[in-house]
Amino acid sequence: MTSPLLLPYEGPRLTLRNRIAMAPMTRNRADDATGVPSPLTAEYYAQRATAGLIVTEGIWPDVLGKGEPGVPGLVTDAQVAGWREVTGAVHAAGGTIFAQLWHVGRMSHPLTLPGRATPVAPSAVRIESETIRTNEGKVPHVTPRALTTAEAEAAVAAFAAAARNAVRAGFDGVEVHGANGYLIQQFLAENTNRRTDRYGGSLAGRLRFAVDVVEAVAAEIGPERVGLRVSPDNPENEIAEADPRGTYRALVAALDPLGLAYLHVIERGAYGALADLRPRWSGTLIGNFNGPEPTSRRAGEQALAAGLADVFSFGRLFISNPDLPARFASGAPLDDYDTALVHAGGREGYVDYPALAG
């Protein structure tokens, strides 16, 4: 019996060769000075083009959104040209690829930002219990600077401009990163959004930045080319959402009428986000489980069979199994990846994991 993960998908706005998505994963291989993707990046993604959908590593739409060394951008002409090599290689291999637009907000450091700038956030709330990776090693976080209302509006415009650049670079669409404790989720969460302007206060105020970003990106490139990733009730990066059910039901209600390409839901925490949001989202829903171990094929199949998702995304399994759909189809063993090489730079642990022979 064919795995449901291997069946083609025909959705309202998205057509895929199978129901396996490659989840976005930070790999830190870009030129740190220019934000241009490494020449190896085209090879890396082309190796994995048998996924129904590839979502790239996070790409900054504004240099203040850069969180770590070696993270690429999608702002300059050189960055666009670099990504055009990537999309060309993926399309030549028959793949579909979306660019993930990622502004980290307070999850950065002056050692990473130009001119040792202070990271920005909805409010000046520091991450106390964690460190962050920089070119000088892992260091404590600093207190971010609260964005002014005008600066928040400029950040919305930056997402839209980066989406336009993504289309110029040949991407099939973009995924707005609203998950994992980064800037958009910092606006959504009560503990990181203490604002009193139009971007804070009430639930509608906390939702406004996310809604403005998605609407601006959709207006720029068409809603059929836009996805949104969320991680309700995810405590990563010291996010605390008092009412994730109420917050994300309201967010879905605001965005569902736009007719987006998809909603990408990471389930982690006590709130059963997939079961709750699936009936409230009329378009394509991509599911993801964020646990201590990589999600298994069986878990993805069960999510599809239960109607919790139309497509399921896998991250860590794709690192060392570039031909993951073929391995799922044949039942071949899965290779492990070297955790020390995930963010190491260079070929090793990036493009040297082999596909199945024959």
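**Entry 1: Asn 288**

I started with Asn 288, which sits in strand β13, residues 285-289. I am working from a predicted model. Is Asn 288 buried or exposed? Its relative accessible area is 7%, so I noted Asn 288 as buried. Next I looked for a polar partner. The side chain of Asn 288 makes a polar contact with the side chain of Ser 313, at 2.8 Å. Then I listed the residues Asn 288 touches, leaving out those up to four places away in sequence. They are Ala 23, Arg 229, His 264, Val 265, Ile 266, Glu 267, Phe 312 and Ser 313.

**Entry 2: helix α8**

I moved on to helix α8, residues 297-305. Which residues of α8 are buried? I found Ala 299, Gly 300, Glu 301, Ala 303 and Leu 304. The buried residues of α8 pack against β13 and against β14 (311-314). I also checked what follows the helix.

**Entry 3: strand β11**

Arg 229 turned up among the contacts of Asn 288, and Arg 229 belongs to β11. I therefore looked at how enclosed that strand is: five of the five residues of β11 (residues 226-230) are buried, so the rest of the structure largely encloses it. I went through the two faces. Val 226, Leu 228 and Val 230 are buried on one side. Gly 227 and Arg 229 are buried on the other.

Which strands pair with β11? On one count, β10 (residues 173-178) runs parallel to β11 and is joined to it by five bridges. Gly 178 stands opposite Val 230. β12 (residues 262-267) also pairs with β11 in the parallel sense, over four bridges. There, Gly 227 has Tyr 262 as its bridge partner. I noted one more feature here. β11, helix α6 (residues 244-255) and β12 make a right-handed β-α-β unit.

**Entry 4: Arg 48**

I looked up Arg 48 in the loop between α1 (40-47) and β4 (53-59). Arg 48 is buried but has no salt bridge. How far away is the nearest side chain of opposite charge? That side chain is Asp 352, 7.3 Å away. I did find a polar contact. The side chain of Arg 48 meets the side chain of Gln 47 at 2.8 Å. Leaving out residues up to four places away in sequence, Arg 48 touches Met 22, Ile 54, Phe 318, Ile 319, Pro 322 and Tyr 350.

**Entry 5: helix α1 and Glu 85**

I stayed with α1. Its buried residues are Leu 40, Thr 41, Ala 42, Tyr 44 and Tyr 45. The buried residues of α1 pack against β3 (20-22), β4, α2 and β5 (97-101). For α2, I picked Glu 85, which lies in that helix (residues 77-92). Its relative accessibility is 56%, so Glu 85 counts as exposed. Where does Glu 85 stand relative to Ala 42? The two are 43 residues apart in sequence, and their C-alpha atoms are 6.2 Å apart in space.

**Entry 6: salt bridges**

I then turned to the salt bridges. The structure holds 21 of them. I took Glu 68 and Arg 133, whose side chains meet at 2.7 Å, N to O. Glu 68 lies in the loop between β4 and α2, and Arg 133 in strand β7 (residues 131-134), so the pair ties together parts 65 residues apart in sequence. Glu 68 is buried at 15% relative accessibility. Arg 133 is partly exposed at 26%.

I also looked at Asp 276 and Arg 280. Their side chains form a salt bridge at 3.1 Å, N to O. Asp 276 is buried, with a relative accessible area of 7%. Arg 280 is partly exposed, at 35%.

Terms used: Residues are numbered from 1 along each chain as its sequence is written. This is a predicted model: local features need pLDDT of at least 70, side-chain atom pairs count only at pLDDT 80 or more; totals for chains, interfaces and linings use all residues. Side-chain values use heavy atoms; hydrogens and water are left out. Buried means under 20% relative accessible area, exposed over 50%, partly exposed in between (1.4 Å probe, protein chains only). Helices (H or I, at least four residues) and strands (E, at least two) are DSSP runs, numbered from the N terminus. Two strands pair if DSSP finds at least two bridges between them. A crossover is right-handed if, with the strands pointing away from the viewer, the path from the first strand over the helix to the second runs clockwise. Lys and Arg count as positive and Asp and Glu as negative; His and the chain ends are not counted. A salt bridge is a side-chain nitrogen of Lys or Arg within 4 Å of a carboxyl oxygen of Asp or Glu. A polar contact is a pair of N or O atoms within 3.5 Å; within protein, one must be able to donate a hydrogen and the other to accept it, and residues adjacent in sequence count only if both atoms are side-chain atoms. Contact means heavy atoms within 4.5 Å.
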